[in-house]
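Have the structure open while you read.

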Amino acid sequence: MAQSLVIVESPAKAKTIEKFLGPGYKVLASYGHVRALPSKQGSVDVEHNFSPRYHILPESQKHIELLKKEAKKSRELILATDPDREGEAIAWHLLEALGISEQAASPEVKRVTFHEITKGAIQEAIAHPGHISRELVDAQQARSVLDYLVGFNLSPFLWKKIRYGLSAGRVQSVALRLICEREKEIAAFAPREYWSIEARLGTDQGSVFAARLNAIDGKTLDKFDIADQNQAEDLVRAISKESFQVRELKKSSKKRNPAAPFTTSTLQQEASRKLGFSARKTMTVAQKLYEGIDIGNGLEGLITYMRTDSVALSQVATTEARDVITRMFGKEYALEKPRAFKNKAKNAQEAHEAVRPTALSNYPDQIKAHLTSDQFKLYRLIWQRTVASQMAAAVLDATTVDIAAGERFMFRASGQVVRFAGFMKLYIEDYDSAEEQDDQKEATLPELRQHQPLQCEELLPAQHFTQPPPRFTEASLVKTLEENGIGRPSTYASIINTLVTRKYVRLEKRTFHTEDVGMVVSDLLVNHFTKYVDYDFTAGMEEDLDAISRGEREWQPVLKDFWEPFISLLRQKETEISKQDVTTEKTDRTCPECGKPLVIKLGRSGRFLACSGFPECRYTEPLNGSEREEPVMSDQTCDKCGAPMLVKQGRYGKFLACSAYPDCKNIQPLVKPKALGIPCPQCGEGELMEKKSRYGKIFYSCNRYPQCKYALWDLPIQEPCPKCKFPLVVEKTTKRQGTFRKCPQESCDWTETLVPPETKTKAATKKPAAKKTSTATPSPKKTPAKKAASDKAASDKATAKTAPAKKASKAKSKA
């Protein structure tokens, strides 16, 4: 019987769906994208209407062969890739790679989409197939070509003007600009002092509360009206003479509504705030929850599709939410009509539902045993947010009290009490800034009445300083990108990952800090390619891509409008900008060794001060905002000229250098090698010494280096080898072999176990590791002398060795 072949992206999803469809259906995976633009120059033919030259990915070749074989014996081919632009493009690429036309009679081609992997959703999708949307394919194709054109032209420009291995991207570079501009704001920020005065006031009933000075002589105080300590102390002295009385009470009731169900962006933000997940980790865990997990009845998807801009919930979901809320909290917490939300994000695409559990009856605690720790945390977060979005609003009683201190001074106290918790009983959204968090905190006031006298327990003047804007976290960066319509939420995880892996930024305590190279790259792009890292321009490109997806614009004209001015500007900047202009900055300091000006340069480890007389003068010092540590005179003398030796700080730590430099350039390690008293077995004249490599690893070598280059990584023991009679053996400890001795000669396989390895207790199902015999020969390794001699050369060679084609592959943007 002819089968129906269903193709999805992942094997996990394939397994789940095949169970739902039953006999007659075979579900296979494409394993993601099967075709892409090659990572090399010339993959887009700009001369022929931006024609892309796709190729089948090498890792996809075997999957395509299997799919071709199965398609030949199938009566219908059902493309069930993800319900978005990317999924639509994968479906189209699959047909192209398989050589099958969508109009073919055999197999008959169908396109189905579903937003959750449940039996009902899958069967409904199969019953109502459609066709591939060419508009969505064109929109994705335009994005892919556009990002290729930027990455494979702007990245090589950065290689020439800064250094090899850097990358630029249409969205990546704008995200970098946001982080760098915030860093500049922080660096340029000048704190401003201001003071506040707080009174601790008591009632006749013994309650004490705080109120803050709000007005003087009828004028409301601005933040900086109390400018310094003297002014604050004068006011305290004046206020302390006055009596306090309640002047006015204002009471009001206000409602607070819950946050909307999760979109891709808000899920990444809240998972970062509440769970400490990176955007990448959030999407990885969510993908697994979507594809399916066995919670007792076989594999099933636990959440709906996690790449969405929609905040809408289906009628089925809202009905189920009402039942869950009524059961858990009571009828007063449920809504008569479902609450609808409106998306405030720019360029939002609301093709399907918000991220929600496929079945709210799957309570987090009930399925916890079937989930990993991370899966449980994220599922519970999605479940709570979805249910809370359909719960009654919280009701809060707010009170504001104005308190007079004499005739001149007015204090104010505010507080709120939760009268009805509503959704807050289950879930409260976190915020990025401390100010937003403080606004949501509850404060209570005692029962007060008009004209009630109060006792001043204490007057507390407090000094404050204005704070710089906070550095971006992953959550706040994602929020800012989305609010400005920059990029797509589904790409934010890869963009952030690229910025970190390229070492443009680093994450410290979950906040972004710029690296020197990131700042230099951003400055170059902002100063010379202003238009292409402009926030509004980048958002405008997203609008153009959305117009293509709606069929309102053709994709090639959009690319042409972008490409022609872009490549023209790039060619102009190729000749105008030199590497020295970008990576070197003048200073007003002079070199202490030769008197020439010092300049700031960009090196592999960041920016540093160097003499402009290089290479004749090689003076450098770190650029860390402080003076370089002055050399300290040691108690040793130079063994070449007799001058005192100085203790200096170098790239690899402290070392001894002759004070007669530059006449004498003798340098020595600060910690002298330790003699072992073992004759060198190679030359017979020298003695083996314990030394440290430049990276701090201990090794043992002849003290006659470089005349004799004999060296060992393992501790030498002055005992002859029992087998080959070599004058020494070595001792080594590893986890797998324990502590043992062996002959250092590669031609000899003698070993002797001194302390066997620790036996680890493993699960009964796991196969125990094979035992090693005492005659096992360790793999030969490069000697430390050879390694030390080639350290720098190997590092340089690793860069120079890369072929041009591989160089081009690094240019591709992950925007």
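The largest nonpolar core has 142 residues, and Leu-158 and Leu-378 have the most contacts inside it. A nonpolar core here is a set of buried Ala, Val, Leu, Ile, Met, Phe, Trp, Tyr and Cys residues joined through side-chain atoms within 4.5 Å. Helix α5 (residues 134–161) gives the most to this core, with 13 residues. Apart from that core lies another one, of 24 residues, among them Ala-199, Ile-216, Phe-409 and Phe-411.

Before going on, a word on where this comes from. This is a predicted model, where local features need pLDDT of at least 70 and side-chain atom pairs count only at pLDDT 80 or more, while totals for chains, interfaces and linings use all residues. Residues are numbered from 1 along each chain as its sequence is written, and side-chain values use heavy atoms, with hydrogens and water left out.

Which residues does Leu-378 touch, leaving aside its neighbours within four places in sequence? Leu-378 is in contact with Leu-267, Ala-271, Leu-275, Phe-277, Thr-282, Val-285, Ala-286 and Leu-289. Contact means heavy atoms within 4.5 Å.

**Helices**

Helices (H or I, at least four residues) and strands (E, at least two) are DSSP runs, numbered from the N terminus. Take helix α6 (residues 172–188): at 1.5 Å a residue, its 17 residues should span 24 Å, and its end C-alpha atoms are 25 Å apart, which agrees. The expected span is 1.5 Å times one less than the number of residues. Several α6 residues are buried, including Val-174, Leu-176, Leu-178, Ile-179 and Ile-186. Buried means under 20% relative accessible area, exposed over 50%, and partly exposed in between (1.4 Å probe, protein chains only). The buried residues of α6 pack against α14 (474–483), α15 (492–501), β18 (505–508), β19 (511–514), α16 (516–528) and α17 (535–549).

Now for a crossing pair. The axes of helix α1 (residues 11–21) and helix α4 (residues 119–127) come within 9 Å and cross at roughly 75°. That makes α1 roughly perpendicular to α4. Axes are lines fitted to C-alpha atoms, for helices over the stretch in contact, and angles run from 0 to 180 degrees between N-to-C directions. Angles under 35 degrees count as roughly parallel, over 145 as roughly antiparallel, 65 to 115 as roughly perpendicular and the rest as oblique. On the α1 side, Ile-17, Phe-20 and Leu-21 make the contact, and they meet Lys-119, Ile-122, Gln-123 and Ile-126 of α4.

**Salt bridges**

Side chains of opposite charge can pair when their charged atoms come close. A salt bridge is a side-chain nitrogen of Lys or Arg within 4 Å of a carboxyl oxygen of Asp or Glu. By this rule the count comes to 39 salt bridges. Here are some of them:

| Pair | N to O distance |
|---|---|
| Arg-111 and Glu-88 | 2.9 Å |
| Arg-589 and Glu-621 | 3.2 Å |
| Glu-685 and Arg-704 | 3.7 Å |

Arg-589 in strand β20 (residues 584–590) and Glu-621 in strand β23 (residues 620–622) are 32 residues apart. Is each of them buried or exposed? Arg-589 counts as partly exposed at 29% relative accessibility, whereas Glu-621 is buried at 3%.

Glu-685 is exposed, with a relative accessible area of 63%, while Arg-704 is partly exposed at 26%. Elsewhere, salt bridges that share partners join Arg-143, Asp-147, Arg-170 and Glu-542 into one network.

The peptide bond from Ser-106 to Pro-107 is cis, with omega near -5°, and Pro-107 sits in the loop between α3 and β8. The bond from Tyr-705 to Pro-706 is cis as well, with omega near 10°; Pro-706 is in the loop between β30 and β31.

Phe-50 has a positive phi, near 60°, although it isn't glycine. Phe-50 is buried, at 4% relative accessible area. Lys-509 has a positive phi near 50°, but Lys-509 counts as exposed, at 82%. Its place is the loop between β18 and β19.
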